[in-house]
Amino acid sequence: MYDLIIVGAGPAGITAAVYAARKRMQLLVISKDIGGQAAWSGDIENYTGYQFISGPELAAKFEEHMRQYNIALKENESVNGIRKTQNVITVTTEKGSYECRSLIIASGKRTRELNVPGEKEYKNKGLTYCATCDGPLFADKDVAVIGGGNSALDAALQLVNIASKVYMVNNVSVLGGDAIMREKLEVNLKVTIFNDSRVKAILGDKMVKALRINTAQGEKELAVQGVFVEVGLIPNSEFAKDLDKNKLGEIRINPQNETNIPGTNSKMLKKKIIKIGNKGIEAIAIKLLTKTFVLLRGSKGYIMCGYLNLKVAQKFQDAAAKIVGVASIEDALKAQIHSCTPQAKKIGIKPGQPVKDALRIIA
Amino acid sequence: MAQVKVYSTPTCPWCIRVKQFLTENNISFEDYDVGTDQAKAEEMIQKSGQMGVPVVDIDGTIIVGFDKEKIKATLGL
């Protein structure tokens, strides 16, 4: 039995593995591939410490770091189920089953498909989901990138150095993603952007020949030999059947990254966040086992409210202030500060103060 | 000794892995960069009927992608 199993060997899974190995935990990493989405990225310019590194290079560095430690790794294995009985979590794959006391799910996301006629027929026949891998095959050809977020911008920026023409087909009125990437594309003469446009079909014979799109000016057919689909991602969470998920299939977790089943943590960060009246303040309602508590968070700190045991409260040592005896957002807003940290006192929060006043300070 | 050809691009993670796997198993192979070698790109498309990389040709058996089990079985590893 392992102390810990980590599902996924992308940046999150590898980081967790390195931390666990340094604590001398008995651990196993199970993953279909190594490097996750980082390995499929083109140029990475926002990973602190590297002004520029390519995705495959960064993924190789992650792997090299992990292999410094004697970590058991099952590569090319996909998890298809997890089950918890008493204190044992059983992880099953198509090749076997493994037991552990705790589990980290860092299985990441995968490319969303377009779901249009021609997509299945022309997959790998001109239609691809990875510009990093297949881009070089489209030298001096005309291609289209479908999507308007960072992944689409990244794909287009790789392709302008390879292809002779790059169309971007974006289904909203302006491109999204980072301005620094957008600006590079908008001035590139090889690039034509179709906003407010949707793909209707992928056309061809043996290979892709054209793309039919609906634009604000009507239907158009673009002669292209390559179609790069970058329309977002869906979580790899199907195997986690017993865990609470949102409507997107993302696993719900609390601020300690715990799922609804104790012992199963997820690296996907999602909480129930409710915007409340005060500008810049978020109220986060968290259900931990049977108890609900509330975090009121501003840019300068947060206030923890609710009935909590000592162990949970210790995790919030850095809270600006605390109030007790509160179990809903409405109650929290009516309450008074119970105690506060020295840092909180410095910015003007004090015991006995109405929470509404303290919120103005941390906003 | 099987004749092994790998059609790849320098940036594709699965291409890197397939080559690592062959090297670790002491299998010598010819590596063609289909991003720069147009003739080899055509050859790969002809052989595999598709454009995804990597493509491994082991004595005429064509394997698309890094299919470790199939590569092992074909090479008798």
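Colleague: In which strand of chain A is Val294(A) found?
Modeller: The model is a predicted one. Within it, Val294(A) belongs to a strand of chain A that covers residues 291-298. That element is strand β22.

Colleague: Is Val294(A) buried or exposed?
Modeller: A residue is called buried if 20 or more other C-beta atoms lie within 10 Å of its own. Val294(A) has 24 C-beta neighbours inside 10 Å, and therefore Val294(A) counts as buried.

Colleague: How many residues of chain B are in contact with chain A, and which element supplies the largest share of the side of chain A that touches chain B?
Modeller: On the one side, 18 residues of chain A take part, and they are in contact with 13 residues of chain B. At least two residues of that side of chain A come from each of α2 (36-40), α3 (55-67) and α4 (131-134). The largest share, 3 residues, is supplied by α4(A).

Colleague: Which element of chain A has the lowest mean pLDDT?
Modeller: Chain A as a whole has a mean pLDDT of 86. Among its elements, strand β11 (residues 142-146) has the highest mean, 98. Where pLDDT is low, the predicted coordinates should not be read in detail. The lowest mean, 50, belongs to residues 273-275 of chain A, which form strand β20.

Definitions and conventions:
Residues are numbered from 1 along each chain as its sequence is written. Chains are lettered from A and ligands numbered from 1 in the order in which they are written. This is a predicted model: local features need pLDDT of at least 70, side-chain atom pairs count only at pLDDT 80 or more; totals for chains, interfaces and linings use all residues. Two residues are in contact if their C-beta atoms, placed from the backbone, lie within 7 Å. Helices (H or I, at least four residues) and strands (E, at least two) are DSSP runs, numbered from the N terminus. pLDDT is the predictor's confidence in each residue, from 0 to 100. A residue is buried if 20 or more other C-beta atoms lie within 10 Å of its own, exposed if 12 or fewer, and partly exposed in between; C-beta atoms are placed from the backbone.
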